[in-house]
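Subject: Structure for you to look through

Hello,

Here is the structure I promised to hand over. Please open it and keep it beside you as you read my notes.

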Amino acid sequence: MTPSRSRIWPLIGVLSLVVLVISACTQQSGGPSTSAGADADPNGEFRSNIGSEPDTIDPQVESFVDEIGVTMQVYEALMTFDIKTGKPIPAAAKDQPKVSADGLTYTYTLRDGLKYSDGKALTANDFKYGWQRLCDPATAGNYSFTGYIVAGCEAWNSMDPKKDDPAKLAAAKATFLNSVKVNGNDISFTLTQQAPYFNSIAGLWVGVPTREDMVTKGGDKWTEPATYVGNGPFIFSEWNHNSKMVFTRNPNFRTPVKLAKWTKVMINEGAVAFAAYRSDELDEYGIAAEDLRSIDSDAALKAQVVEGPGSCSNYIAFNLKKAPFDDKNVRVAFVKSFDRDAYIADIQKIGKPSTSFISPGIPGYDPGDTFQKFDPAGAKTALAQASPAAQAALANLKITYSATARGKTRLEWFQNQWKTNLGVNVSLDPVDTTTYTQLVKKLETAPQMFYIGWCADYYDQQDWLTTVFNSKSTQTPTGYNNPTFDKLVADADKEPDAKKRDDLYQQASRLLSQDAPVGFVYYSTTKILQKPWVKNLYITPLGFEEAGYIDLYVTKH
Amino acid sequence: MLRYVIRRLLLIIPTMFFVALITFTLAHATPGSPFDRNENKPLPQATIDRLNRYYGVDQPIPVQFVTYIGNLLRGDLGLSFTKGRPVADIIGQGIGTSAQLGVQALLLALAFSIPLGIISALKQNTAADYVSLMFATVGTTIPSFVIAIFLIYIFGVTLRFFPITGWGTWQNEVMPTVVLALGPGAFLTRITRASMLEAIKQDYVRTARGKGLSERVVVVGHVLKNALIPIATIIGPATAALITGSFVIESLFNVPGVGRLFVISIEQRDYPTIMSTTMLYAFLIMIANITVDILYGVLDPRIKVA
């Protein structure tokens, strides 16, 4: 024991030094240049925060915004979307698809000379492989249902890859592959029914040309940079797990992007990300409601705020099978009796008041649909016209919501509005989040009133009106069943003429507002801070349009 | 001694089994599922059913537990439900970083707390003692996440001495290491001070002084050596504090380690990752405690551990 007497201090000192030296040796070079200039910096880097590590970036598995953002930086689908209108425009495809006379077959022709980032030629078969992975039950994808419109996809995808008879699985696979045909540069899809919205699905991440050789080579780690090789604007060059992802310009992409590098860091805590933005470690920061006070009190920060459309529409839903909301007059009275502008200003802080279903930036957005606007006098008139049975049921109302602090603040506000503007008492019914999710899944368990919303899957009215409110829908279970509405959306879903189709959907959407199975409250919006040197940062509902990657640049700073 | 070590090591097995059982039960009893991550946009029920079947979550929980333990005994930690990749790989990616952060913080804590405690004891009731006591009190009472945010604003946003997030450069590592070291360091300072004061009063110290030994020899050879025994025993709990502290620190400073992974896996109900990270931590804490108990016997031959 004697030696330890004199050795313990030097030992600690030496070990501390060793650790410091090791850390210093692993230091990386970095930091953007600081010289001034107004043009796009050819070596420019853009740094954004994605909060946490994407769970998966497998295009045929993923379903989350940040996951999709990675895929669409690295891969290009057949179509992409116009930044302003959300309408599908050609990407890897040369032009709009050729549609067969019966409306069931969509044929896309690829552009000439397309390549993957490693130089390998891109063929129509690579796209076919992407679609095959999407519908393959062994992929266990979250968004495979978007492929169900292609004949044979749903049957194959619904099978159990481990337990079902391999011969039957092989037969289902063959049936599906038969509806995706490749001919030279052409790829054609046979659909189960007429569906003009298929062209929007062709712009989603789900059908991007995943490389079969790379998936085989990488196995369950194929999404690492070495094998995540795409045909899109950027090369996935570095993935420091749980810390950052680095993307660099793909010189083999048909229109080279303006940025040299895009770094996505994973900062979990909002307050820390905000601090990182302020210390110039991030070029962009997604604002949360609690940041607004400090931003508003700082003129320099306030000038960096940009707002754009989100992808969700939020509303109060009524159960049409239960009194008093079986009476349309009561529903109309409720939807007209809350002040949406005050709601955004006082409660939600970030968002846009809404009186119609489809949110801005999605085809079908209809700012002229104002039937549900705040109108206390009109609301009282409507309520007076309600049947005696419905009037009696007003005495016993409750709204069910997921028991969170935010939920309580929201619903207390509504409670107060209905009390003040309508003279009706609504009691609050908080339930835990899991129970709530279960309750609002089907009509049998749906509460009398509840708070819910819908977010876009793709840019088309079908994904909104038909998916959520046709009488057979399993989403937002209000029990709404109007044959006129059903016919309008069913006709629109199949209508090949774009103008007629939009008109049919608009009629359906306005009918929905007037029938008021739900009371629209607000559209989500995205509010960000962006540094003055960031240019062409587009904020769109889905956020993965190709132009958003190609046009973005930073000036020298 | 050897028999004692073997017995302690064998005891790890049943302990780990109960850790696994309790964690598994609690994780599955927590409301929510790995597949309901977005309440605004739930996945279609058919998709959830398919995913449940794919990952075996549709089986009764006891069956799942038996399957899990069976796989574990064969060294298979399973697939992450949310990431679809082997848990062993995911943990492997973070463990080096966490170990580095933990060792750095422990060394830093020892490097400042033991001298501070000694000075404090030798200069009892002087300004130096009060300063070090104040440090010890503040470090123990203020939660690390508060100190972390405080440091981020001073050294990151205002002074810009250090980058706020990331890992890999020494500048990145200063703030997380310091904040993680503070709590255990403050605790160690108090223990060192108390144990030094205790030792100073002993007869053998008076004897040493009476023999005319120099003050340096008395302090280092007689006081400190005896005072080290309680300090050594504290390193076990301090390691545990470093591990639990790393959950917060890694999340706040965006350090790509296992602590952050653990927090995220609980948020996501990613059962296999929760299980593996919890068991890893339980194992580390047990090893730390066993090491300390053995060390205890080495430092003080009077203590018979067997």
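Start with Ala389(A). Is this residue buried or exposed? Count the other C-beta atoms within 10 Å of its own: there are 11. The cut-off for exposed is 12 or fewer, so Ala389(A) is exposed. Ala389(A) lies in helix α14 of chain A, which covers residues 388-393. Now look for Cys312(A). It is 77 residues from Ala389(A) along the chain, and their C-alpha atoms are separated by 35 Å.

One thing to keep in mind: this is a predicted model. For the complex, the predictor gives an ipTM of 0.71 and a pTM of 0.80. Chain B has an average pLDDT of 86, and 97% of its residues score at least 70. Within chain B, the element with the lowest mean pLDDT is helix α2 (residues 45-54), at 79. The highest mean belongs to helix α7 (residues 170-200), at 91.

Two spots in chain A

First, find Pro324(A). Pro324(A) sits in the loop between β12 (305-318) and α11 (328-335) of chain A.

Next, go to Asp280(A). Its phi is near 60 degrees, which is a positive value in a residue other than glycine. Asp280(A) is in the loop between α8 and β11 (284-286) of chain A. It has 17 other C-beta atoms within 10 Å, so it is partly exposed.

Where the chains touch

How many residues does each chain bring to the contact? Chain A gives 46 and chain B gives 53. On the chain A side, four elements each supply at least two residues: α1 (4-25), α8 (270-278), α16 (433-439) and β16 (449-455). The largest share comes from α1(A), with 8 residues. By type, the chain A side has 17 nonpolar, 19 polar and 10 charged residues.

Chain B as a whole

Chain B has 11 helices and 0 strands. Its C-alpha trace spans about 85 × 55 × 30 Å along the principal axes. Of its 306 residues, 38% are buried. Take the contacts in chain B between residues at least 6 apart in sequence: 73% of them join residues at least 24 apart.

Two helix pairs in chain B

The crossing is left-handed. From α4(B), the contact uses Leu116(B), Ile119(B) and Ser120(B). From α5(B), it uses Ala128(B), Asp129(B), Ser132(B), Leu133(B) and Phe135(B). These residues of the α4(B) and α5(B) contact divide into 5 nonpolar, 2 polar and 1 charged.

The second pair is α6 (residues 144-158) and α9 (residues 215-252) of chain B. Their axes come within 10 Å and cross at roughly 25 degrees. Angles under 35 degrees count as roughly parallel, so α6(B) and α9(B) are roughly parallel to each other. This crossing is right-handed. Ser144(B), Phe145(B) and Ala148(B) make the contact from α6(B). Gly245(B), Val248(B), Ile249(B) and Leu252(B) make it from α9(B). The α6(B) and α9(B) contact has 5 nonpolar residues, 2 polar and no charged.

Arg160(B) lies in the loop between α6 and α7 of chain B. Its phi is near 55 degrees, again a positive value in a residue other than glycine. With 13 other C-beta atoms within 10 Å, Arg160(B) is partly exposed.

Leu197(B) lies in helix α7 of chain B. It has 16 C-beta neighbours inside 10 Å, so it counts as partly exposed. Leave aside its neighbours within four places in sequence, and Leu197(B) is in contact with Ala121(B) and Gln124(B). Gly166(B) is 31 residues from Leu197(B) along the chain, and their C-alpha atoms are separated by 42 Å.

Best wishes

Definitions and conventions:
Residues numbered from 1 in each chain as written. Chains lettered and ligands numbered in written order. Predicted model: local features only at pLDDT ≥ 70, side-chain atom pairs only at ≥ 80, totals over all residues. Left-handed = near helix turned anticlockwise from the far one by under 90°. Contact = placed C-beta atoms within 7 Å. Nonpolar A, V, L, I, M, F, W, Y, C, P; charged D, E, K, R; others polar. pLDDT = per-residue confidence, 0-100. Buried ≥ 20, exposed ≤ 12 C-beta atoms within 10 Å, placed from the backbone. Axes fitted to C-alpha atoms, helices over the stretch in contact; angles between N-to-C directions. Parallel < 35°, antiparallel > 145°, perpendicular 65-115°, else oblique.
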